Amino acid sequence: MQPSCLACHAPKDERPAFVKKDHPEDRAYGFDDGDLQGVHAVFVPDTSGEDEF
């Protein structure tokens, strides 16, 4: 989480009015600077032995 993200994702009561109005079911709040928001994983198959016979 970067500081610029906290404008909308900091404590629930500090969210901008448009977020409260347009996203009433929003639960993406309460974060702090540096919090982890997600992870991307990439799996590359091991093809190192495919050319060997």
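View 1. A disulfide is taken here as a pair of cysteine sulfur atoms within 2.5 Å. C5 does not qualify because its sulfur is 8.9 Å from the closest cysteine sulfur, that of C8, which is too far for a bond. C8 is likewise in no disulfide, the nearest cysteine sulfur being that of C5 at 8.9 Å. C5 is partly exposed, with a relative accessible area of 29%. C8 is also partly exposed, at 22% relative accessibility. The model is predicted; local features need pLDDT of at least 70, side-chain atom pairs count only at pLDDT 80 or more, and totals for chains, interfaces and linings use all residues. Residues are numbered from 1 along each chain as its sequence is written, and side-chain values use heavy atoms, with hydrogens and water left out.

**View 2. The whole chain, with two helices and zero strands.** Helices (H or I, at least four residues) and strands (E, at least two) are DSSP runs, numbered from the N terminus. Helix α1 covers 6–9, and helix α2 covers 17–22. The radius of gyration of the chain is 20 Å, whereas a compact globule of 53 residues would have one near 10 Å. That radius is taken over C-alpha atoms, and the globule rule is 2.2 Å times the number of residues to the power 0.38. Along the principal axes, the C-alpha atoms fill a box of roughly 65 × 20 × 15 Å. Of the 53 residues, 9% count as buried. The accessible surface comes to about 4,800 Å², and 54% of this belongs to carbon and sulfur atoms. Accessible areas come from the Shrake-Rupley method with a 1.4 Å probe; for residues, only the protein chains shown count as cover. A contact means heavy atoms within 4.5 Å. Among contacts in the chain with a separation of 6 or more, 31% are between residues 24 or more positions apart.

**View 3. R15 in the loop between α1 and α2.** R15 is buried, with a relative accessible area of 9%. Its side chain reaches the backbone oxygen of K12 at 3.0 Å. It also makes a polar contact of 3.3 Å with the side chain of D26. A polar contact is a pair of N or O atoms within 3.5 Å; within protein, one must be able to donate a hydrogen and the other to accept it, and residues adjacent in sequence count only if both atoms are side-chain atoms. Leaving aside neighbours within four places in sequence, R15 is in contact with A7, C8, K20, H23, D26 and Y29.

**View 4. The salt bridge between the side chains of R15 and D26.** A salt bridge is a side-chain nitrogen of Lys or Arg within 4 Å of a carboxyl oxygen of Asp or Glu. By this rule the count comes to two. The side chains of R15 and D26 meet at 3.3 Å, N to O. R15 lies in the loop between α1 and α2 and D26 in the segment after α2, so the pair ties together parts that are eleven residues apart in sequence. Both R15 and D26 are buried. Not counting residues up to four places away in sequence, D26 touches R15 and V19.

**View 5. The salt bridge between the side chains of D22 and K21.** The N to O distance is 3.2 Å. D22 is partly exposed, at 44% relative accessibility. K21 counts as exposed, at 66%.

View 6. H9 is partly exposed, with 25% relative accessibility. Apart from neighbours within four places in sequence, H9 is in contact with M1, A28, Y29, G30 and F31. The C-alpha atoms of H9 and Q37 are separated by 11 Å, and these residues are 28 residues apart along the chain.

**View 7. D46 in the segment after α2.** D46 is exposed, with a relative accessible area of 64%. A polar contact of 2.6 Å joins the side chain of D46 to that of S48.

Definitions and conventions
Buried means under 20% relative accessible area, exposed over 50%, partly exposed in between (1.4 Å probe, protein chains only).
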